[in-house]
Amino acid sequence: MVEPETFTFLADLTTNNRKVWMDAHREGRDDALRNFTGIATTLHDYADRFDHNVADARIKPKQSYSKFFQEARDRVGPGLYRTDVDVFANAGNPSEDVGYYLHIEPGNCHAGAGLFHPSKATLASLRARLVDDLQGFKELVNDPEFKEVFSDGIVTRKALNTVPDGFDNNDPAAKYLKMVGLGCRKDLPDALLLEDDVIEQLVDIFRSASPLVRYFE
């Protein structure tokens, strides 16, 4: 699934996050990009086992993973480049639709479903859905299988201190309304992603996460 050289490249990029280094290691970068393209294709090929909407969608593998270069407005830390990559399996746009993902980062790999970098309009839509059917969402996250696989429950990349404008701090959905994007994740050891048959475990993880995707469709 993930090639050893891809982990090596990402680890080296973490300690050499500069344009001059990236320019000198274009071959390693291109090999990693080919690996991500192959992973995206594999996830789509197996999608009929966890989500028929994804399986029926037209895949664009090179648009199905996050890019290394970070725009200034999205930059995290001082480096120009992301040192982790998300490979997506989506029925729509990975930046606009809740879908499945495999996060590849040395020492911090995981898989699950969600939308962690939504646009302003999409985030508003997610919040409206939560307000309209909080009970349905609670039933989803409290399902025994969901809780067993995703022991951390619903997670987010960023949480606000207060609910956004237009919502009440006492709203029963306040915990989730504060989340700037949300999803679920199951941690995976790096070594597991080096195995060819890890796809079977990823399919099981995605199948367990599918109720979250369907909820926001």
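## Before you start

What you're looking at is a predicted model, where local features need pLDDT of at least 70, side-chain atom pairs count only at pLDDT 80 or more, and totals for chains, interfaces and linings use all residues. Residues are numbered from 1 along each chain as its sequence is written, and side-chain values use heavy atoms, with hydrogens and water left out.

## The sheet

Let's begin with the strands (DSSP runs of E, at least two residues; helices are runs of H or I, at least four residues, and both are numbered from the N terminus). There are 4 strands in an open sheet, ordered β1-β2-β3-β4, with antiparallel pairing. Two strands count as paired if DSSP finds at least two bridges between them. β1 and β4 (182-188) sit at the edges with a single partner strand each, so one side of each has no neighbour in the sheet. From one strand to the next, the twist averages 25°. In general, strands of a sheet pair through backbone hydrogen bonds, parallel or antiparallel.

## A closer look at β1

Helix α3 lies across β1 and β2, running at about 30° to β1. Axes here are lines fitted to C-alpha atoms, for helices over the stretch in contact, and angles run from 0 to 180 degrees between N-to-C directions.

Setting aside neighbours within four places in sequence, His44 is in contact (heavy atoms within 4.5 Å) with Val54, Ala55, Ala57 and Ile59.

How many disulfides does the structure hold? The count is 0, taking a disulfide as a pair of cysteine sulfur atoms within 2.5 Å. The closest cysteine sulfur to that of Cys109 belongs to Cys184, and at 17 Å it is too far for a bond.

Cys109 counts as buried because its relative accessibility is 2%. Cys184 is buried too, with a relative accessible area of 0%.

Note on methods
Buried < 20%, exposed > 50% of the residue type's maximum accessible area, 1.4 Å probe, protein only.
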